[in-house]
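The sequence and the structure are shown first.

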Amino acid sequence: LALLEGGSAMQAADAAEALAQRIDNPSTLASLTIARAKALAAVGRLREARDALDRLRSTNPDPTTAAAAGVVLARLELDSNKVRAAADLAERSVSVLDAPSYAGLRADAWLTQIRATLSAADSAPTAAAMPALDTRAAAAADPPPPWLARRARAQHARRSAAAGATRGPG
């Protein structure tokens, strides 16, 4: 669903929801719920997306599933300018998604955490998080984490340079 345009993703999610009633595997059902929430967000149905993710996080006993839903929810919160909530959700997700198979999700959560910190105009925590992001990215087997680490570093540098330019010479 992630590769589809919002409307197409929503159609696929609706079809999957009809099939979900016949699925017994909790992990598969959780994955479908997360994918549906992403599709709902893509078509602007943010309240429904948040509700689905909140429900999944509160009812699923698996901390990894809750963390995966938290990654998506953190992005929604950041997009809604709920910076502190986004940073907290992302930070919790980073701490739970520590297995190598979750490297991509963890990197997404970390990037959201850094973006939230940058949005809060408090660059000290962002600067402190950058070395840890670089270390995790270097250790990851998947290509996306190093790319995301470079992107986060560039965003931080750009924001810091812009902040310095507005303050003027000291």
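The sections below treat the overall architecture, the helix pairs, the cores and some individual residues.

## Basis of the description

The model is predicted: local features need pLDDT of at least 70, side-chain atom pairs count only at pLDDT 80 or more, and totals for chains, interfaces and linings use all residues. Residues are numbered from 1 along each chain as its sequence is written, and side-chain values use heavy atoms, with hydrogens and water left out.

## Overall architecture

The secondary structure consists of eight helices and zero strands, where helices (H or I, at least four residues) and strands (E, at least two) are DSSP runs numbered from the N terminus. Along the sequence the pattern reads α-α-α-α-α-α-α-α. Of the 170 residues in the protein, 38% are buried; buried means under 20% relative accessible area, exposed means over 50%, and partly exposed lies in between (1.4 Å probe, protein chains only). A contact is defined by heavy atoms within 4.5 Å. Among contacts between residues at least 6 apart in sequence, 51% join residues at least 24 apart.

## Helix packing

Two packed helices are described by the angle between their axes and the distance between the axes. Axes are lines fitted to C-alpha atoms, for helices over the stretch in contact, and angles run from 0 to 180 degrees between N-to-C directions.

| Helix pair | Axis distance | Axis angle |
|---|---|---|
| α3 and α4 | within 9 Å | roughly 155 degrees |
| α4 and α5 | within 8 Å | roughly 150 degrees |
| α5 and α6 | 8 Å | about 150 degrees |

Angles under 35 degrees count as roughly parallel, over 145 as roughly antiparallel, 65 to 115 as roughly perpendicular and the rest as oblique. The axes of α3 and α4 cross at roughly 155 degrees, which means that α3 is roughly antiparallel to α4. α3 passes α4 in a left-handed crossing; a crossing is left-handed if the near helix is turned anticlockwise from the far one by less than a right angle, and right-handed if clockwise. In this pair, L46, A49, R50, L53, D54, L56 and R57 of α3 meet T65, A66, A69, G70, V72, L73, L76 and E77 of α4. By class, the α3 and α4 contact has nine nonpolar, two polar and four charged residues. Here Ala, Val, Leu, Ile, Met, Phe, Trp, Tyr, Cys and Pro count as nonpolar, Asp, Glu, Lys and Arg as charged, and the others, Gly among them, as polar.

For α4 and α5, the axes cross at roughly 150 degrees, and α4 is therefore roughly antiparallel to α5. The crossing of α4 and α5 is left-handed. Among the residues that make this contact are P63, A67, G70 and L78 of α4 and V83, L89 and V96 of α5. The contact of α4 with α5 divides into 12 nonpolar residues, three polar and one charged.

α5 and α6 (residues 103-119) pack at about 150 degrees, so α5 is roughly antiparallel to α6. The crossing of α5 and α6 is left-handed. V83, A86, A87, A90, E91, S93 and V94 in α5 meet R106, A109, W110, T112, Q113, A116 and S119 in α6. This α5 and α6 contact comprises eight nonpolar, four polar and two charged residues.

## Nonpolar cores

In soluble globular proteins, nonpolar side chains tend to be buried together. A nonpolar core is a set of buried Ala, Val, Leu, Ile, Met, Phe, Trp, Tyr and Cys residues joined through side-chain atoms within 4.5 Å. The largest core has 16 residues, of which I34 and L53 touch the most other members. Two or more residues come from each of α2 (26-42), α3 (46-59), α4 (63-79) and α5 (83-96), and α4 gives the largest share, six residues. Not counting residues up to four places away in sequence, L53 touches I34, A37, A69, V72, L73 and L76. A second, separate core of eight residues includes A67, V94, L97 and W110.

## Individual residues

A39 lies in helix α2 and counts as buried because its relative accessibility is 2%. A39 and A49 are 10 residues apart in sequence, and their C-alpha atoms are 8.0 Å apart.

T33 is also placed in helix α2, but is partly exposed, with a relative accessible area of 26%. Apart from neighbours within four places in sequence, T33 is in contact with A52 and L56.

Most residues other than glycine have a negative phi. N81, although not a glycine, has a positive phi of about 65 degrees. N81 is found in the loop between α4 and α5 and is exposed, with a relative accessible area of 62%.
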